Amino acid sequence: MATDSLNNNELCRRYALALFSIGEEKKEIERYVENFKVLYSTKNKHNELNDFFSNPLLTTKKKVVVLDKISKKLKFQKLFSNFLKVVAKHNRLSQLNTINKHFDEIIQTKNNKINVEIVTSVEISKDINNKLVKKLENLTKKKVNLENKIDQNILGGIIIKIGSIMIDSSLRTKLEKCKFSMKGKG
């Protein structure tokens, strides 16, 4: 099962890389980013569209015809529209979110940027945010886009997520470790 997930993830990355290569060659990367935004905005407004993307019972021919109409209505570039049709022909529309995520990651890598997510129990001040960004930029040698998520369940401290790396320095985790170590003594 893990191998299937890995293979699907790698396949999605390859689709994203193909779209990026085409977009870079045609100098339309920003337009493709905007097309993804418009597509997701439309999907969020219309549940039928979400059902369409994930419906395994619809034939690929039907999906391609519908995607052609959607692409024209939303005024997508021809190459982006063709990309969506290729994804549909290979029954990968349900994985479009993952493809888009990889597409964004490729763009960020190309621009020497990285998204970093931090989780805190309260929102951090601008001063702490700026200091954290500077430290993370020194650490990663990339321009950092910091996103602060609030989760009161961590009680205090911070969780930092940089790509697949997670640094958990939350109070909750420390308490759980302490509780676990105390169980062993008795």
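Modeller: A salt bridge is a side-chain nitrogen of Lys or Arg within 4 Å of a carboxyl oxygen of Asp or Glu. The model is predicted, so local features need pLDDT of at least 70 and side-chain atom pairs count only at pLDDT 80 or more, whereas totals for chains, interfaces and linings use all residues. Residues are numbered from 1 along each chain as its sequence is written, and side-chain values use heavy atoms, with hydrogens and water left out.

K72 is exposed, at 60% relative accessible area, while D68 is partly exposed, at 24%. Here buried means under 20% relative accessible area, exposed over 50%, and partly exposed in between (1.4 Å probe, protein chains only).

Helix α8 (residues 171–183) holds R172 and E176, also 4 residues apart, about one turn of the helix. Their side chains meet in a salt bridge of 3.4 Å, N to O. R172 is partly exposed at 36%, and E176 is partly exposed at 44%.

A further salt bridge joins E28 to R31, with 3.4 Å between the closest N and O atoms. E28 is buried, at 17% relative accessibility, whereas R31 is partly exposed, at 45%.

Salt bridges also link E10, R13 and R14 in a network. Over the whole structure, the search finds 11 salt bridges.

Key. Helix = DSSP H or I, 4+ residues; strand = E, 2+ residues; numbered from the N terminus.
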